[in-house]
Amino acid sequence: MSFKGLSPIVYGGREVLPLVEGGKGVSASNHMSSGAWAAAGGIGTVSAVNADSYDVDGNPIPQVYPQATRVERFEQLVRYAIAGATEQVRRAHEIAGGQGAININVLWEMGGAQQVLEGVLENCPGLVTGVTCGAGMPYKLAEIAARYNVHYLPIVSSARAFRALWKRSYSRVPELMAAVVYEDPWLAGGHNGLSNAEDPLSPEDPHPRVKALRDTMRAEGVSEDTAIVMAGGVWFLREWNDWIDNPELGKIAFQFGTRPLLTHESPIPQVWKDMLRTVEPGDVLLHKFSPTGFYSSAVKTPFLYDLMHRSERQIPIFKRDEEDGTIPLLDHGKAKYFYVHPGDQRKALAWIHEGFTEPLKTPDDTVVFVTPESAEQIRADQQACMGCLSHCQFSSWKDHDNHTTGRLADPRSFCIQKTLQDIAHGGDPDDNLAFAGHAAYRFKQDPFYSNNFTPTVKQLVERILTGD
């Protein structure tokens, strides 16, 4: 049974369901989930962000970085990324069996993004239908798509962002732009495009924002055949009935990022799946702790609470004689060179009494207070940086030129590669970043998942097509 009004779309020369699997980070959507999604008639999405390769027994090959320098580790990371994503695409294509379509998803802010994308497309001719790409302004995406004759689907969170991309780049390759993904910054999981002009605490209705996007696309002469893919907050299609066959919005497709996490083919470990069943409304936080500098949404695990509290234990510091009325923070160590207001010193002494004895300087002329164990871990993680981002606030790495952002490494952030690799390969969600959309609480409320039922991808797609 199909949901009323929801018609197949032509994509890559074949009819597919207008249902897209969201490409989720490090190994959270792989060949098993994306191949199954395509086999069910939709568009599956392999994450090409540090994807897994496998040994002869089918076990993921650990990604280790014994090299002495960050540049050498970065080069190793790129090799891992190309090999892993290539293997994932080939396996997904085999599972799909000629049904649906396979996309790959690339985080433009990942280290070596262009090199990785080109390497995968070079290795997989004819296997990749399209490339979705966000977290940044991927101006080169259209050029790369044209070179390898694949479709591209830019991910944007506003009409303004699309207009900038279109005018600078995409207008030169309009025929390969298969769709535009609208990623709602207040609803979608993972990194999103919330701008400094928008309030993270004041969600906006997506309908007028998507209408503005379609209006912009029409004003720029974009074909009406170019769908807008709604990403973020999509659970029941019946809740989006007014969007389907709506002439204001034009052709609409829907992306599911969170729901496919809880399927048999989902590669995430069972402990993560079990945690998703416990999420309550409000348990997903839109935050800015990511070392990318972008906002992102994740479940409020103890790991995320630690980052929240770390930033709360923060006071401004000054140089000697820079600010009237300031005094040395402490009378020993580096802290004697940090001048603070007396009221802030009292706060600091209270934190120190609680065991947060290590003041770590931030790029914003503040210090945060952490335990000695945390300070040691932060420094070790910064030193072990393998360059997973094009620009990293946590380690001050940059993947080009002189390989430094020129800013002090920020102890209020964390090594995102380390935590995403860990949670994807069996690590406790309590100790890691657990990306999820803000509708994740619905796993606990939706009767489809009652009695610990876990569907196959095929069963999930069939359920979605009923409107539920």
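The mean positions of the 44 positive and 57 negative charges of the protein lie 3 Å apart. Lys and Arg were taken as positive and Asp and Glu as negative, with His and the chain ends not counted. Each charge was placed at NZ of Lys, CZ of Arg, CG of Asp or CD of Glu. The model is predicted: local features require pLDDT of at least 70 and side-chain atom pairs pLDDT 80 or more, whereas totals for chains, interfaces and linings use all residues. Residues are numbered from 1 along each chain as its sequence is written, and side-chain values use heavy atoms, without hydrogens and water.

The protein contains 13 helices and 18 strands. These are DSSP runs numbered from the N terminus (helices, H or I, at least four residues; strands, E, at least two). The radius of gyration is 23 Å, which agrees with the value near 23 Å for a compact globule of 468 residues. This radius is taken over C-alpha atoms, and the globule rule is 2.2 Å times the number of residues to the power 0.38. Along the principal axes, the C-alpha atoms fill a box of roughly 70 × 50 × 45 Å.

Of the 468 residues, 58% count as buried. Buried means under 20% relative accessible area, exposed over 50%, and partly exposed in between (1.4 Å probe, protein chains only). Among contacts with a separation of 6 or more, 66% join residues 24 or more positions apart; a contact means heavy atoms within 4.5 Å.

Aspartate 306 sits in helix α8, which spans residues 302-312. Its relative accessibility is 31%, so aspartate 306 counts as partly exposed. Histidine 332 is 26 residues from aspartate 306 in sequence. Their C-alpha atoms are 27 Å apart in space.
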